[in-house]
Amino acid sequence: MKKVILIFYIIPLLSVFAQDTFVPLSEQERTFIVTQNAKGSALAAVGTNKPSYNSQLTEIIFILRMPQTWNLERDKALKDKRLPSVRGVIALCSEKSDSNAILYEIARRPGAYIHLLDFADANNLAIVAWTNFGAYTSAASTHELDKKNRDSLNSRFEARSEDWEKGIKKILNHYNLPDNGIMGYGLSGGAQILHRLAMRKSKYFSGVFIHVNSSYDEPTKSAANILWCVSTGELEAGYPAAERFYNKMIDLGYCAIFKAEENLGHTTNAHVYALSEAFFTYLITFLPDPLNKDWKAPPVDKFYLMRNPIYIGDYVNQIAFPFEEAKTKVPKKFMVALPTEPLAKAWGNIMK
């Protein structure tokens, strides 16, 4: 098998207009709130274990956090040059339905998203988050619901996804953000929302990392244009559902990584942080950078090394092998494609 080696690097901060005097803004000064009215179905659910509810949804609140490289003067100069304000966007999908709670989560302090905040700042990426708008149940995956509840939830989520699309379009346009591929990260209830949005609005996403969903929607053919990482815990109640979801994705031709973290329940840990960062580091290699005149597209697309992986993981035994060895040591049904050595090391132990 011919190997393709990709070089990963972090773009130096302030590479654009480096000669300018730059005064960094505070977190508060580069964080913005945008409200989108919810005009679809009035009924919504905010992640409960019951398939029916009566909570009212009137708006989706978006929070936009620009990276440390951003300020108003630079933004105007880039717009004048017909360039985006940042390199890309990370969609940080929270389980919180209160905007103040999300603002607290994405402030720079230790927490579940600090690694993403650092990654965004280091790579000149904006972060977009929004209030959890429900219309799902964590008690069962879509195919496990009876037709009445399945149709009801699907109708409500379709309406919510249309409202979300209006809001994200408004933000991308108003704040001069690139629209060529959002990288999405979702945890728990946020992963519930994110993977359902990506299934319906796949054109907005380049890659999606979801962790401890507990339940899952049905994969759609259109979302096979997204690179996926499905992460859960061996002790998480939704582990069997995650495994089924991953296998359905593979059957539909998706490129997806699956990881069930050892001794982990419905929570996260440093290993999950490392895997998500390695996943986005891989993904960003394929994200065009109009702000870097030296950027060149890799010789292959983001799927090539998933279809021709350097390593293969055994997700039951939590070990990885070089591709040639894996063919005889890993049962096909437990195989996970691992495209690069950094991703394989973040995924688990490599046997050589």
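Guide: Strand S8 runs parallel to strand S9 (residues 227-233), and 5 bridges join them. Strands here are DSSP E runs of at least two residues, helices are H or I runs of at least four, and both are numbered from the N terminus; two strands pair if DSSP finds at least two bridges between them. Along that pairing, Ile210 stands opposite Val230 in S9. Bear in mind that this is a predicted model, where local features need pLDDT of at least 70, side-chain atom pairs count only at pLDDT 80 or more, and totals for chains, interfaces and linings use all residues. Residues are numbered from 1 along each chain as its sequence is written, and side-chain values use heavy atoms, with hydrogens and water left out.

S8 also pairs with strand S7 (residues 182-187), again in the parallel sense, over 6 bridges. There, Met183 has Gly207 in S8 opposite. To get from S7 to S8 the chain passes through helix H5 (residues 189-200), a β-α-β crossover that is right-handed: with the strands pointing away from the viewer, the path from the first strand over the helix to the second runs clockwise.

What about burial? In S8 (residues 205-211), 7 of the 7 residues are buried, so the strand is largely enclosed by the rest of the structure. Buried means under 20% relative accessible area, with a 1.4 Å probe and protein chains only.

Definitions and conventions:
Buried < 20%, exposed > 50% of the residue type's maximum accessible area, 1.4 Å probe, protein only.
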